[in-house]
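Let's take a friendly walk through this fold. Have the sequence and the coordinates open as you read.

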Amino acid sequence: MLFRSELGYVTTAEAMQPRLERALADHSGVVFVARRNDECIGFCHVHLATESILSDPAAEIGSLVVASGHRGEGTGASLVEYALNWARDRGAVRARVRTNVVRDGAMRFYERNGWQAAKRQQVYVFDLQLVEPNRPNTA
């Protein structure tokens, strides 16, 4: 399965199904799929990003995965082109993508295709299923 075998994503088709349904249910995103001989060789999920009131409408590529045996064939660039056209048609004036700094190939891909690095940031995660957030004492 493409999702589990590429880039270290750990998931299953069963876990992906409800995520895909949620992502598409509100119509703020779309998934483009590249197929060859009835095989999924790549996909790109793009969605309209919730922006600050201080910025223009934007889109974000949430995932771009191309099977390792099909990289360098233009599949990723085509998927991104579809994603950017979709976003532009919905009023986005900017698009962004995030990639892990250890993914040199991904960074080269985006830079080769006209993307510019905007900033480096630290991402913090809070697991809402495990820990209750600290709440201010209102008593």
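## Around Thr75

Setting aside its neighbours within four places in sequence, Thr75 is in contact with Ala34, Arg36, Ile41, Val66 and His70. This is a predicted model, and in it Thr75 belongs to helix α3, which covers residues 75–89.

Is Thr75 buried or exposed? Its relative accessibility is 10%, and buried means under 20%, so Thr75 counts as buried.

## The sheet

Let's turn to the strands. Four of them make up an open sheet in the order β1-β2-β3-β4, and the pairing is mixed. Strands β1 and β4 (94–97) are at the edges with a single partner strand each, which means that one side of each has no neighbour in the sheet. From one strand to the next, the twist averages 25 degrees.

Strands β1 (residues 29–36) and β2 (residues 39–49) run antiparallel and are joined by eight bridges. One of the residues to look at here is Gly29, whose bridge partner in β2 is His47. The two strands form a hairpin with two residues between them, and Asn37 in the turn has a positive phi of about 50 degrees.

At the other end of the strand order, β3 (residues 58–66) pairs with β4 in the parallel sense, over four bridges. Here Glu60 has Arg96 of β4 as its bridge partner. Helix α2 (residues 13–25) packs on the sheet, where it touches β1 and β2, and its direction makes about 125 degrees with that of β1.

## His45 within strand β2

His45 is also worth a visit; you will find it in strand β2. Which residues does His45 touch, not counting those up to four places away in sequence? They are Ala23, Val30, Val31, Glu60, Ile61, Gly62 and Ser63. With a relative accessibility of 16%, His45 counts as buried, because the cut-off is under 20%.

## Aromatic pairs

How many aromatic pairs does the structure hold? There are three. Phe109 and Tyr110 form an edge-to-face pair, at 5.1 Å centre to centre and with 80 degrees between the planes.

Both of these residues fall on the buried side of the cut-off: Phe109 has a relative accessibility of 15%, and Tyr110 has a relative accessible area of 9%. Ring pairs also bring in Trp115, linking Phe109, Tyr110 and Trp115 into a cluster.

Conventions:
Residues are numbered from 1 along each chain as its sequence is written. This is a predicted model: local features need pLDDT of at least 70, side-chain atom pairs count only at pLDDT 80 or more; totals for chains, interfaces and linings use all residues. Side-chain values use heavy atoms; hydrogens and water are left out. Two strands pair if DSSP finds at least two bridges between them. Axes are lines fitted to C-alpha atoms, for helices over the stretch in contact, and angles run from 0 to 180 degrees between N-to-C directions. Contact means heavy atoms within 4.5 Å. Buried means under 20% relative accessible area, exposed over 50%, partly exposed in between (1.4 Å probe, protein chains only). Rings of Phe, Tyr and Trp (its six-membered ring) pair if their centres lie within 6.5 Å; planes under 30 degrees apart count as stacked, over 60 as edge-to-face and the rest as tilted.
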